[in-house]
Amino acid sequence: MLEGKAVMGETDMKQTMKEDALSLAAKALDCFDVTEPTQIARFIKKCIAGTHFGSFLTHCSGCFIHFSVGNLTILLFKGSAGEVASGPTV
């Protein structure tokens with residue numbers, strides 16, 4: 001498990017969901033080396049993983065966590081579907 005190894009950044013998840021997210025990240029890190037952030041992100045899904053990145057995203061309330069393990073940073077989220085813009089009405 002990543003507890004004690006993960007440095008928690010921002011999050012709005014409940015404790016049980018945080019534990020699930022860290023468990024999934026631990027499984028990904030068991031399967032892939034930290035030098036393979038693309039493979040880690042594909043394994044986790046709905047995830048951004050890397051050593052240097054910026055982000056700006058809209059997420060559902062209670063579905064966002066940002067943490068680091070060594071040099072690897074992981075951002076997990078559930079996207080928030082915005083209102084779809086329609087074309088002009090005639």
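Ser68 touches Lys5, Ala6, Val7 and Thr73, leaving aside residues up to four places away in sequence; contact here means heavy atoms within 4.5 Å. The model is predicted, so local features need pLDDT of at least 70 and side-chain atom pairs pLDDT 80 or more, while totals for chains, interfaces and linings use all residues. Residues are numbered from 1 along each chain as its sequence is written, and side-chain values use heavy atoms, with hydrogens and water left out.

Ser68 lies in strand β3 (residues 59-69). Strands are DSSP runs of E with at least two residues, helices are runs of H or I with at least four, and both are numbered from the N terminus. The side chains of Ser68 and Thr73 are joined by a polar contact of 3.2 Å. A polar contact is a pair of N or O atoms within 3.5 Å; within protein, one must be able to donate a hydrogen and the other to accept it, and residues adjacent in sequence count only if both atoms are side-chain atoms.

The table gives relative accessible area; buried means under 20%, exposed over 50%, and partly exposed in between (1.4 Å probe, protein chains only).

| Residue | Relative accessible area | Class |
|---|---|---|
| Ser68 | 18% | buried |
| Cys63 | 15% | buried |
| Cys31 | 51% | exposed |

The count of disulfides (pairs of cysteine sulfur atoms within 2.5 Å) is zero.

In helix α2 (residues 37-44), the buried residues are Ile40, Ala41 and Ile44. They cover an arc of only 100 degrees around the axis, so they sit on the same side of α2. Their cover includes α1 (15-31), β2 (47-50) and β4 (72-79). After α2 comes Lys45, with a positive phi near 70 degrees.

Definitions and conventions:
Arc of directions from axis to C-beta.
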